[in-house]
Structures are given as C-alpha cells and as structure tokens.
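Trainee: Please take one part of this structure and walk me through it closely. I would like to look at the aromatic rings and the core around them.

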Amino acid sequence: ALYVLSPGFVQSSCHSRIFWMKLNKLLLQGKFFQLEINDPYAGPILLDEKLASRCGYVLSEDVWGNPVFRASVLGCHVANEADELFSLTVNIKVSSFASMRAAVTYTYPMYCSYSSWAPREIVCEENYMEVSVKTDVPAVSNDYTVAWMSALPETQNVAYQLWQLMFVSPSGRKRIMVSDAAKLGYSFNNTLYRVYLRAPYHSNESDISTVNGVNMNLVTSTSMYRQRWLLMLIDTTVSCPLDGTSFTDTTLTWTVPSVIPTLVLQESTFLSKNIVMGVDGQVIVNPEENNYLLEHNKTHIGITIPIGAEGGKLKSSVSCGVYGIIYSIDLFLEHTWTDADWQTTKYTVIKTITTPFMPQIPTVINNTLPEERIFNIAFGHFLPDVSLVSITIGNVPFTLREAQHHGYKIYETSFSNGTKGFILEVSFDDPYVLKEYVNRNETKYTLLVNYTLSVGPEMVLYYHSAEVECVIADIVIPEATGYCDEENLYLAIPVFGLHQYWNLYLGAKLLNRHTAFTNGYLAASNSTHLVLQIPLFAVGVIYEEVSFQKIKARFDVALRKVRTMETLQIFSVSCNFNSSAFISKLYRRTINKKICKSSLEFITNSLISSVCNPDGTIMISAQMKTVPAIDMSKTKLRDSSCKPKEYNKGHAFFMFHVTTCGTSVRFEGDHIVYENEISYERETLPGRGQPKITRDPDYRLTVSCYYRAKETVMLGAFVSEPSTSRPFGSGTMVLRSNIAVYRRIRKALNVVSRVSKNESFMDFYEPDEVILKRPMESVFLEVELKDESPDAELYLDNCWVMGSLDFNSAPRWNITMDGQVVIEKTMFLS
C-alpha cells in the first residue's frame with residue numbers, strides 16, 4: 001500500500017543538478033526505514049551501497065542526524081527530458097521492525113530543472129566522482145533510462161561494443177569495453193547531448209596525487225567511440241580531493257586546490273570565474289554574515305568556519321572518560337573556471353567535515369555566599385544534549401528526585417553562548433558536608449560532589465567530581481571568668497566547643513573529670529558553663545608570692561585545639577589569700593626542749609606550721625620562743641645558704657623546693673618522704689659569770705613531706721628558674737672504672753651498672769648509646785654486684801650525673817648522697 005507523506009516528514013530541493021531529499025528524524029524515532037528507487041520499467045530497486053556509488057546516489061545523515069538522500073540528475077533511474085527536466089521517484093518504507101515486515105511505503109517524486117550545463121561538469125560526492133562532457137555522439141542506447149542493473153536487450157549489445165574506455169594509471173594502460181567497466185564499479189553512458197563517466201574512489205585504475213598539499217584521487221580516462229570511419233576520443237578524466245581539512249581550537253578550514261593540473265592542461269590559459277560555497281545544501285550568498293570566511297588565491301580556495309558556527313552542529317561526546325565536543329558541518333564548494341581546452345568547467349565538491357574530539361574540561365564555579373551559609377556552585381559548560389542524571393554528596397548517592405527531597409536545590413541555567421550548566425545549592429549544615437575547625441576561630445566547610453551526566457543521543461554516562469571549600473569565622477573562642485573564696489580558686493569556662501573543637505589542659509595533661517577528681521578539683525557543669533573549684537593547695541596551683549601576710553596563687557588552664565594541640569587561650573585565675581588564716585588551720589607541732597648547761601636553764605617552745613604543695617614547694621612557718629630570745633635571721637635549713645624568706649622577732653618563714661636546700665628523700669611503703677631541718681647557728685651567750693651558757697648547735701627541728709609514689713609523675717612539674725633549666729638532656733651513660741672507684745681496696749669488685757629504658761628493667765640501653773631525656777622523665781639506673789663472695793656487699797654512697805666524661809667536672813647533679821636518693825633541680829644526663 002502506498003501512503004501520502006505527512007507534512008514535515010520530508011523536504012527536497014534541487015541544487016547544482018543534484019536532487020536533495022531530507023527526512024525528519026523525529027518522525028522516524030523508534031522506526032526502521034529503507035529507500036527504494038522506483039524504476040518505471042524495472043520496478044522498485046532497493047538502494048544499497050554498491051548501487052549507490054555506481055548510479056550516483058548518496059544515503060547518509062546530516063549533522064543533525066536527519067537521513068539525507070542525494071542523487072545526480074545523470075543517475076541510473078532518472079527520467080531525462082532533453083537534458084533540462086529531470087525526475088526521480090523514491091519509495092520510503094517505514095516499519096517498526098528491523099526485518100521491515102508490516103512496512104508502510106510512502107512514494108515521493110522529485111523534480112529538477114537544469115539547463116545551464118557547462119561544457120564539462122565534475123561532481124565530487126561522498127562515494128563517487130562524476131564527470132560529464134558536452135558532445136554530439138550516437139546514443140549508447142535508444143532508451144537511456146534503462147537501469148544498469150537490469151538486463152539489456154540483445155539489440156543493445158551491438159551499440160555497447162562501439163564504446164571503449166581507456167584508463168591510464170601507474171600500472172600502465174588498460175582498455176576495456178563499456179560492459180566490462182560496469183563490472184568494475186564504473187558507470188558510463190550518454191544522454192542526448194552529453195557523455196558521462198562515474199567512478200568510485202580508490203578503484204584499481206585510480207591514482208593518488210598531491211596538489212598544493214591536498215591529496216587528490218585521480219582517474220585518467222579517455223572514452224572512445226568508433227563506427228566505420230568515425231573515431232571520437234573524449235577526455236573523461238576526473239579528480240577529487242580526499243582531504244584538505246585542518247583544525248584549531250576555534251576553527252576548521254577546508255582547502256581545495258585552485259588549479260588541478262590533470263584537469264587544466266594549459267595552466268597559462270586558466271581563469272577562475274566564480275566561487276560559491278554552501279552549507280547544508282543551501283548557497284551562502286554573503287558568507288561573512290555567518291562569520292564564514294571564503295578566500296582564494298592562485299593556489300588554494302579556503303573555507304574557514306568557526307567552531308560552533310551556525311549551520312553546523314556541536315555534539316557532546318565522551319572519550320576515555322573525558323568530556324568533549326565534536327563539531328560537524330555539511331559544506332559544498334562550486335568553482336567555475338575557463339581554459340583553452342574546455343572553455344568552461346564547473347567543479348562541485350560536497351563534503352561533510354567533522355572535527356576531531358575536542359576535550360572540554362567542565363568548570364565548577366563557586367558562587368557561594370558565606371553569610372548565607374549555603375554552597376552555590378555552577379557546573380558547566382555543556383551542550384544541550386547533556387543532562388544531569390544523579391549526584392553524590394560525600395559518599396551518598398542521590399537521584400535528582402531524592403536530592404530535592406533531601407533539601408538540595410538543583411536546576412539548570414543557560415549561558416550566553418548557547419551552553420548550559422547545573423546549579424547546586426547545599427547548606428553548610430548538611431550532615432554530608434565536611435566540617436573542619438581551622439586556624440583560630442574558623443570552620444572550613446567542604447562539599448564533595450560527584451556528578452553523573454548522560455551525554456549525547458547515545459546517553460553515555462560521564463562522571464565528574466568537584467570539591468568546593470569555604471572558610472568562615474563562625475566560631476567564638478570562649479572566655480573564662482575567675483573568682484575566689486577564702487580557700488578556693490574558681491574558673492567558669494563556657495562548654496560550647498569543648499571536646500569538639502578544643503580541650504582543656506593542665507600543663508601537658510588533659511584535664512578531664514578523672515584528672516580533676518585525682519587532683520582534688522570539683523567540677524560542675526550546666527548547659528552553658530563548666531565550673532572548676534580548685535583548692536588553694538591542690539596540684540597545679542602556682543604560688544606567685546608567699547609571705548607572712550598573704551599567699552598570691554594562680555591557676556592556669558590551657559585551651560588547645562583537639563587535633564593540633566595548638567594553644568589558643570590560657571584561662572587564668574589569680575587571687576590573694578590571707579596566710580595567717582591558713583597557717584592557723586594547719587597541723588601544728590609543738591616541741592618543748594629543755595637544755596641545761598651549767599647553772600642556766602635554756603628553754604625552747606617551738607610551733608611549726610608546714611605546707612607541702614603538690615608542685616614540690618614546701619612552706620614552713622616556724623614560731624620559736626626561746627629563753628633567752630634569738631635572732632630569727634640566724635635560722636637556716638640543711639643547706640646553710642637557705643635562710644628564711646621572711647622573719648620577725650618570733651617567726652621565721654621558709655619556702656623552698658624539695659630539690660633544693662639539702663632536702664633528702666627516702667621511700668616509705670608507697671610514699672616518697674622529703675625531709676629537711678631548721679637549725680640555729682652556733683652562738684655564745686654572755687653570762688653573769690663563769691661558766692658560760694652555750695646554745696646547743698645540734699638542736700634541730702625536722703620537717704617532713706609525704707607524696708604518694710604513684711603521683712611522682714607530677715614531680716616532673718617541679719621547675720627551677722627558667723634561666724637555668726634545660727628543656728631536655730642528651731648524652732651517654734658512663735661508668736667510672738672499678739679500679740678508680742676502689743683504688744684503696746686490694747680486690748677489685750665486679751660491679752656492673754646499666755640504664756633501663758623503662759621501669760620493667762627488661763630492656764636496657766647499650767653502653768655507648770646516646771640517651772635523650774626530658775627533665776620530667778625518670779632515669780632507671782641499675783647497679784649490680786656480680787661477685788659471689790659472701791663477704792661482698794653493695795652499698796651506693798655517692799652517685800651523680802654530669803655534663804662531660806671528666807669525673808671531676810662541674811656542674812653535677814646528685815642521684816644519691818650518703819646512700820640517700822636526691823632529686824636535683826634539672827638533670828643533664830651524660
């Protein structure tokens with residue numbers, strides 16, 4: 001059944017003696033189609049590739065994907081009226097099945113009028129080359145509309161024998177009959193006034209030559225007609241360009257030689273008459289209006305087209321995971337020239353040009369406004385044939401519907417150059433946005449997004465990831481407030497950000513509830529603040545000034561970043577306390593001692609108040625009533641250079657560190673005991689007569705401080721003056737030779753000492769290994785007597801560390817003195 005085509009399904013035209021027909025791809029979507037050439041004598045003939053190149057047909061697609069059919073007016077099945085009026089009927093078969101069953105057939109007739117024939121006309125099509133020349137010769141056949149594919153009547157064979165073709169190629173000359181030429185893919189025939197030859201590209205009889213840098217496919221042939229005394233030779237040479245295209249990032253250029261030597265034998269007589277360009281089958285009268293550039297000189301004709309110019313098509317593509325574009329345009333060039341041999345030649349080239357794949361890396365434009373706390377990013381630029389399929393935020397994939405339901409805003413936007421992009425809006429507070437505390441009071445918000453796009457009509461998936469950051473100052477560094485009562489210091493610290501952005505540190509130790517409880521602090525918190533109550537004599541309290549009148553105490557807490565440990569703020573509270581109020585509450589020890597010398601009785605009544613601070617500082621208030629009275633400035637500690645810090649008529653106030661003033665140390669169970677003594681200088685008192693009374697120089701008051709051994713790590717906080725303390729020590733542990741130690745002993749004992757790496761005494765340093773120790777770190781020293789003699793006994797008298805290998809060098813830091821452990825201010829281990 002034949003059907004009438006609906007409007008808009010097909011459009012046709014006639015240009016430069018070529019039928020043009022275009023089908024609408026939208027009406028063919030999901031359909032299969034075939035074309036048949038309707039021969040009035042042989043019936044419908046299915047159009048295939050072999051028939052097309054021989055008979056002057058082209059079936060392809062334009063750059064927009066619409067099926068295009070072109071046919072020469074000299075085609076095999078074209079009805080010809082006096083070489084002026086031409087008609088061709090095509091059957092368009094459409095089916096929903098690849099097998100073409102149940103196909104609907106539409107018959108479409110086309111008409112073309114063309115009378116302005118040049119003596120020679122050459123057409124360079126996609127799949128064939130055609131040359132026709134004007135001549136008056138006997139007809140090859142009486143019926144020139146008979147198809148080559150149909151059987152010719154026997155009476156026609158005689159006429160064919162009158163025509164021969166001679167080809168000249170690098171392999172030599174070849175003369176064949178017209179009937180044999182058809183078998184080689186050539187088509188030769190004549191009309192009322194013309195003879196034409198149609199040849200395929202790259203035939204055995206063709207040759208490739210280069211003309212001004214352009215490769216040309218050349219068929220050199222002569223058509224010969226002989227009948228009785230008549231001999232006619234017709235030059236049917238044809239040459240067409242094979243390439244000539246070049247590209248930049250912004251343009252494509254098509255170059256065709258101005259003069260083709262094989263077609264112009266006498267170049268001195270060559271004269272270019274007219275050059276016309278066309279796009280998509282339409283002549284472009286003013287190329288510059290479309291930004292096309294048509295230029296020519298003695299050697300070349302060039303057409304330059306901007307990438308993306310009107311008339312062509314940009315298409316998205318994906319190559320090796322990279323997004324890019326391809327630009328295609330259907331061009332034709334018509335060049336008319338004259339020369340002495342042919343008078344006028346019309347040379348027409350039809351060419352579809354497609355650029356190579358051009359990568360186009362998409363851009364992510366950050367339009368985020370920090371004050372709105374919303375990421376706003378534009379992703380582009382893309383051609384209209386690209387669509388967004390899904391996104392992944394962080395590691396969570398979302399379809400577009402799911403993304404919008406989640407609260408993300410996604411919409412398309414158009415750009416001035418005809419491309420489009422995709423806008424994505426995501427809140428800073430979205431759970432899938434990464435948040436990082438940076439600098440002092442800023443947060444870095446990071447949006448990780450992965451786009452999935454469908455590219456081109458093939459719907460190839462393309463993935464692109466982007467990372468957008470925004471840093472804003474939206475964190476308030478907390479400020480603490482401090483105050484005191486009679487016995488405690490208080491710090492009130494805002495709880496916002498604690499443990500999330502920062503932590504509190506007491507020295508180098510994290511201040512948490514366990515640390516607070518261990519150190520005797522009370523910690524209470526509500527929705528806004530953490531309140532620390534620190535007793536005056538708790539661990540970590542710094543005593544800036546201590547006297548009879550007052551105790552100036554300070555407590556510091558460091559606010560440090562969780563990740564980097566950078567100190568951002570020091571929270572400090574400092575208060576003055578009444579010394580006498582504390583002294584009256586402390587444990588008091590009264591010592592009554594009666595000393596009799598001769599006839600005068602010397603009576604001492606002493607009241608001792610002492611405070612053993614966790615930082616190793618000892619404060620002693622000694623009230624000493626003696627008869628007769630003494631000068632309190634003459635009192636001292638074991639180290640005679642340690643005098644009272646303050647004194648008056650009846651009191652002496654000492655303040656010293658457990659590592660100074662000759663303080664000794666011993667172990668009692670799980671305690672470390674530090675002891676020192678207050679004594680009086682020897683003094684002779686005047687008497688009324690002989691004998692004289694002498695104050696007992698051996699009279700002493702002993703002060704002891706007890707520390708739990710497991711808390712000795714806090715003793716690492718004992719610091720000396722900043723000017724003398726060293727941040728860390730390094731050196732090699734060296735033992736003094738046995739001979740040196742026991743010079744006065746006839747038998748040298750086998751004594752071995754080693755430094756252990758930890759308290760397990762299982763892993764030891766090598767004898768000459770450099771040991772690095774910080775002032776707060778413990779040194780685990782082992783001294784072992786190897787002798788098995790029952791008379792030998794190990795006793796450590798003096799053991800010290802010093803800064804060089806010279807045993808008599810100074811300074812030195814004592815470890816043991818007189819068999820007792822001593823902790824110096826700062827040790828430099830060598």
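Mentor: Start with a term: a residue is buried if its relative accessible area is under 20%. Keep in mind that this is a predicted model. Now take Phe332. Its relative accessible area is 2%, so Phe332 is buried. Next, Trp20. Its relative accessibility is 11%, so Trp20 counts as buried too.

These two residues belong to the structure's 27 aromatic pairs. A pair of aromatic rings is described by the distance of the centres and the angle of the planes. For Trp20 and Phe332, the centres are 6.4 Å apart and the planes are at 55 degrees, so the pair is tilted. Look at where the partners come from. Trp20 is in strand 3 (residues 18–23), and Phe332 is in strand 28.

The core has 85 residues. Ile305, Tyr347, Ile391, Leu424 and Tyr451 touch the most other members.

Pick out Ile391. Beyond its neighbours within four places in sequence, its contacts include Phe398, Tyr408, Leu424 and Tyr451. Tyr451 leads back to the rings. Together with Tyr323, Phe379, Phe382, Phe422 and Tyr462, Tyr451 forms one aromatic cluster.

There is also a second, separate core, with 37 residues. Among them are Leu530, Val546, Ala553 and Phe653.

Rings can sit under charges as well. Arg101 lies over the face of Phe97, 3.7 Å from the ring centre. The charged end of Lys561 sits over the ring of Tyr437, at 5.1 Å from its centre.

Key. Residues are numbered from 1 along each chain as its sequence is written. This is a predicted model: local features need pLDDT of at least 70, side-chain atom pairs count only at pLDDT 80 or more; totals for chains, interfaces and linings use all residues. Side-chain values use heavy atoms; hydrogens and water are left out. A nonpolar core is a set of buried Ala, Val, Leu, Ile, Met, Phe, Trp, Tyr and Cys residues joined through side-chain atoms within 4.5 Å. Buried means under 20% relative accessible area, exposed over 50%, partly exposed in between (1.4 Å probe, protein chains only). Contact means heavy atoms within 4.5 Å. Rings of Phe, Tyr and Trp (its six-membered ring) pair if their centres lie within 6.5 Å; planes under 30 degrees apart count as stacked, over 60 as edge-to-face and the rest as tilted. Helices (H or I, at least four residues) and strands (E, at least two) are DSSP runs, numbered from the N terminus. A charge sits over a ring if NZ of Lys or CZ of Arg is within 6 Å of the ring centre and within 35 degrees of the ring normal.
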